[in-house]
Amino acid sequence: MNGNLLTIEHLTKRYGQVAALDDVSFAVQKGERFGVVGESGSGKTTLLRCILGITISDEGRVSLENKDITGVPVEHRGIGYVPQDFGLFPHLSVSENIAFGLRIQKISLQETRSRVETLLKAMQLSEELMSRKPRELSGGQQQRVALARALAVSPKLLLLDEPLSNLDEATKDEVLPYLRTLSDRFGTTAMFVIHTIQDALDLCDRIGVFHRGRLLQVATPHELVGKPTTPQVSRLLAGIRQNHTHSS
Ligand code: ADP
Ligand code: MG
């Protein structure tokens with residue numbers, strides 16, 4: 001027995017000469033907020049896509065609750081995904097977007113209506129937004145609709161690719177509480193790709209640092225700041241450590 005929800009073993013994905021993922025192994029515990037950081041091109045999106053199953057790895061294994069899901073099709077993995085651009089369907093209304101996964105699962109109309117309503121409330125999206133198209137929403141509202149859509153099918157694991165990158169500071173503050181309470185409110189373990197190291201330190205229980213497809217270190221924010229194990233991790237944290245020194 002262990003408390004791991006997700007286990008990644010020796011995951012490798014190459015594109016020609018480039019190893020987007022290079023022998024990556026780690027585990028995410030149930031209920032954890034796990035952050036994935038690293039410079040652009042370090043393999044963060046490829047990692048999420050391999051876990052989700054829309055990118056097929058060359059080697060390695062992905063397990064959910066100790067069950068090997070490496071060969072399981074996307075729709076049977078029970079994993080939610082919020083891509084970086086939110087991936088909302090532009091021609092569908094807010095409520096149709098949220099209901100999308102439920103339709104595919106052939107959930108009854110009544111049950112679908114009730115779940116959409118619950119999620120709208122949970123994300124504090126007012127009823128008047130239900131019939132709007134995504135382009136008629138603010139960035140923060142779009143992000144919350146994307147979250148609601150991913151949560152509609154009650155995923156065990158939710159993968160979010162740079163959920164804060166397209167948002168200005170005020171909108172970020174609007175969205176962060178929803179990201180913080182995913183496990184408590186929806187029972188979902190969450191893995192976030194985060195562009196800004198400070199945001200990762202603020203939001204996540206543990207953080208994995210990637211560099212050129214390799215996982216350099218997995219640590220709590222405290223450990224990471226206190227004991228970076230490689231020069232690359234130190235460099236990533238340099239600005240932060242300076243800020244900490246200045247403010248103390
Ligand atoms: P990140 O999300 O950290 O910016 P990615 O996972 O998108 O990084 O990309 C990792 C590496 O793999 C990069 O060098 C990128 O150019 C390459 N890569 C990603 N997807 C593809 C693809 N479909 N075809 C070719 N190369 C790709
Ligand atoms: Mg990316």
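User: Which residues surround ligand 1?
Analyst: Ligand 1 is surrounded by Tyr15, Val18, Ala20, Glu39, Ser40, Gly41, Ser42, Gly43, Lys44, Thr45 and Thr46, where a residue counts as near if one of its heavy atoms lies within 4 Å. This is a predicted model, in which local features need pLDDT of at least 70 and side-chain atom pairs count only at pLDDT 80 or more, while totals for chains, interfaces and linings use all residues. Residues are numbered from 1 along each chain as its sequence is written, chains are lettered from A and ligands numbered from 1 in the order written, and side-chain values use heavy atoms, with hydrogens and water left out.

User: What lies 2.5 Å from an oxygen atom of ligand 1?
Analyst: That is a polar side-chain atom of Thr46, while a polar side-chain atom of Thr45 lies 2.9 Å from an oxygen atom of the ligand and a polar backbone atom of Gly41 is 2.7 Å from one; a polar contact here is a pair of N or O atoms within 3.5 Å.

User: Which element gives the largest share of the shell?
Analyst: H1 does, with three residues, helices being DSSP runs (H or I) of at least four residues.

User: Switching topic, which residues touch the most other members of the largest nonpolar core?
Analyst: Among its 47 residues they are Ile98, Leu160, Leu179, Leu182, Phe192 and Leu224, a core being a set of buried (under 20% relative accessible area, 1.4 Å probe, protein chains only) Ala, Val, Leu, Ile, Met, Phe, Trp, Tyr and Cys residues joined through side-chain atoms within 4.5 Å.

User: And which helix gives the largest share of this core?
Analyst: Helix H4 (residues 139–151) does, with six residues.

How values were computed
A polar contact is a pair of N or O atoms within 3.5 Å; within protein, one must be able to donate a hydrogen and the other to accept it, and residues adjacent in sequence count only if both atoms are side-chain atoms. Helices (H or I, at least four residues) and strands (E, at least two) are DSSP runs, numbered from the N terminus. Buried means under 20% relative accessible area, exposed over 50%, partly exposed in between (1.4 Å probe, protein chains only).
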